[in-house]
Amino acid sequence: MPSIQIPFSGLPEHLSFQKDAPVAIHFWHITENEQQLSSLLAYDRASVNEACRHFRSAARRREWMAVRLLLAVAAGSSVRLEHTPAGCPFLSDGSRHVSISHTGDYVVLALAETGRIGVDLERRTPRAFRLRKKFLAPDEETILWKDAAVSDYTALSVEDRAVLLWSAKEAAYKKIAPAGGATLLQDIRLSMGDGCFVASCKGGQTVAVRFYVADTLVLTVCQ
């Protein structure tokens, strides 16, 4: 598995980062209003109209359009984002595997040429720590209190570590896309590996989840 080294001390407004191809990760900080995003998507009025039909929230419409703009930057404006009946995203041309995430005013889109990829972006808030028993088993919860040989993790508060664990499970879920679904508490179990999390998933699959810490956000990548 390639090691993705992301300059993640903070996020610029728009960033496309690619290293050790065939993996590419694209960010967008949504500073544009809905009208500006709609203008940028003028080449794809169908997506704009779909966003207006599906979402009452202006914030969700902005996310929807920003993801499709990111895809145009990453793969060309002719490629469309589709979804399986289970809700898993895929590219209309089948050229690469795709995963998307959004939180607040940020969206991230990841593309991989070989094998599924899961990506998750979360804000650093205390909410995950308060809800930890809903997604962490007792043995997993001990990870919150243990330091690891990774400076980015050791420097975090337990609240931020809980955000990372939540995000890691989300990324692993997107990577394995289990048939029939899975629960984060019972079907995806985390342990600390060498500079990453190791997720043992429903069906016996084990995957590595790498993590990156920004000023107000965390990113997890399972590839």
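## Surface and overall make-up

The accessible surface of the protein chain is about 10,700 Å². Carbon and sulfur atoms account for 50% of that surface. The model is predicted. Its protein chain has 223 residues, and 48% of them count as buried.

Seven helices and eleven strands make up the secondary structure of the chain.

## The largest nonpolar core

The largest nonpolar core holds 28 residues. Four of them have the most contacts inside this core: Leu165, Phe197, Ala199 and Val209. Two helices, α4 (127-130) and α7 (158-176), each give two or more residues to the core. So do four strands: β8 (188-192), β9 (197-201), β10 (206-213) and β11 (217-222). Helix α7 gives the most, with eight residues.

Phe197 shows how this region packs. Beyond residues up to four places away in sequence, Phe197 touches Leu164, Leu165 and Ala168, among others. Its partners also include Leu190, Ser191 and Met192. Further along the chain, Phe197 touches Val207, Ala208, Val209 and Phe211. Ile143 and Tyr153 complete the list.

## A second core

A separate core has 23 residues. Ile30, Phe55, Val79 and Leu109 are among them. Leu109 belongs to strand β6 and is buried there.

Strand β6 spans residues 106-112. Seven of its seven residues are buried. In a regular strand, side chains alternate between the two faces of the sheet. In β6, Tyr106, Val108, Ala110 and Ala112 point one way. Val107, Leu109 and Leu111 point the other way. Both sets are buried.

Two strands pair with β6. Strand β2 (residues 23-29) runs antiparallel to β6 and is joined to it by seven bridges. Here His26 has Leu109 as its bridge partner. Strand β5 (residues 97-103) also runs antiparallel to β6, again with seven bridges. Ser101 has Val108 as its bridge partner in β6. Strands β5 and β6 form a hairpin with two residues between the strands. In that hairpin, Gly104 takes a positive phi near 55°.

## The two sides of helix α2

Helix α2 covers residues 45-54, and its buried residues are Ser47, Val48 and Ala51. These three lie on the same side of α2, because they cover an arc of only 100° around the axis. On the other side, Ala46 and Arg53 are exposed. The cover over the buried residues includes helices α1 (34-40) and α3 (58-75).

## A buried loop residue

Ala137 sits in the loop between α4 and α5 (138-141). Is Ala137 buried or exposed? Ala137 counts as buried, because its relative accessibility is 8%, and the cut-off for buried is under 20%.

Which residues does Ala137 contact, leaving aside neighbours within four places in sequence? They are Leu185 and Arg189. Ala137 and Leu185 are 48 residues apart along the chain. Their C-alpha atoms are separated by 6.3 Å.

Key. Residues are numbered from 1 along each chain as its sequence is written. This is a predicted model: local features need pLDDT of at least 70, side-chain atom pairs count only at pLDDT 80 or more; totals for chains, interfaces and linings use all residues. Side-chain values use heavy atoms; hydrogens and water are left out. A nonpolar core is a set of buried Ala, Val, Leu, Ile, Met, Phe, Trp, Tyr and Cys residues joined through side-chain atoms within 4.5 Å. Buried means under 20% relative accessible area, exposed over 50%, partly exposed in between (1.4 Å probe, protein chains only). Contact means heavy atoms within 4.5 Å. Accessible areas come from the Shrake-Rupley method with a 1.4 Å probe; for residues, only the protein chains shown count as cover. The arc is that of the directions from the helix axis to the C-beta atoms. Two strands pair if DSSP finds at least two bridges between them.
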